[in-house]
Amino acid sequence: MLATDHIETAQQFLLDADREYDDGDILQASEKLWGAATHAVVAEMQNRDIDANGHRKIKSFVLRLEDELEEPGLFSLFKHAETLHVNFYHGFLSEENFEEHRELVRRFVNRMIELTS
């Protein structure tokens with residue numbers, strides 16, 4: 001996939017997450033938000049010719065990007081996406097907690113798209 005394909009996928013996953021949530025499926029919505037976040041990161045990694053195979057590399061890149069951009073909180077926003085990924089498997093978030101994470105992940109994805117575009 002090209003970086004532009006990853007951006008399109010991230011945007012589609014945001015829409016899919018809303019649909020899943022509206023249908024009452026917080027678990028699927030959680031995973032779609034995780035997918036949106038990771039695809040947005042992978043797009044920027046591809047723009048920089050950085051190998052994006054694996055969760056650890058993606059996570060390390062976001063941490064490095066936070067330092068590079070001098071943008072405190074970027075990594076923290078990504079961590080909310082990780083929490084949603086874990087929620088997909090364990091279903092521990094209340095609806096209220098999910099909504100909070102959802103908004104923060106949307107902010108993260110939109111920021112990553114802005115950086116990549």
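Predicted model: local features only at pLDDT ≥ 70, side-chain atom pairs only at ≥ 80, totals over all residues.
Residues are numbered from 1 along each chain as its sequence is written, and side-chain values use heavy atoms, with hydrogens and water left out.

**Exercise 1.** Check whether the span of helix α2 agrees with its 22 residues.

Solution. Helices are DSSP runs (H or I, at least four residues), numbered from the N terminus. Helix α2 covers residues 26-47. The expected span is 1.5 Å times one less than the number of residues. That gives 32 Å for α2. The end C-alpha atoms of α2 are 32 Å apart, so the two agree.

**Exercise 2.** Classify A17 as buried or exposed.

Solution. Buried means under 20% relative accessible area, exposed over 50%, partly exposed in between (1.4 Å probe, protein chains only). A17 has 0% relative accessibility, so A17 is buried. A17 sits in helix α1 (residues 3-22). Its C-alpha lies 6.1 Å from that of L33, 16 residues away in sequence.

**Exercise 3.** Describe the salt bridge between K79 and E82.

Solution. A salt bridge needs a side-chain nitrogen of Lys or Arg within 4 Å of a carboxyl oxygen of Asp or Glu. For K79 and E82, the N to O distance is 3.2 Å. Both residues lie in helix α4, 3 residues apart, about one turn of the helix. K79 is partly exposed because its relative accessibility is 33%. E82 is buried because its relative accessible area is 9%. The whole structure holds 12 salt bridges.

Technical notes. Helix = DSSP H or I, 4+ residues; strand = E, 2+ residues; numbered from the N terminus.
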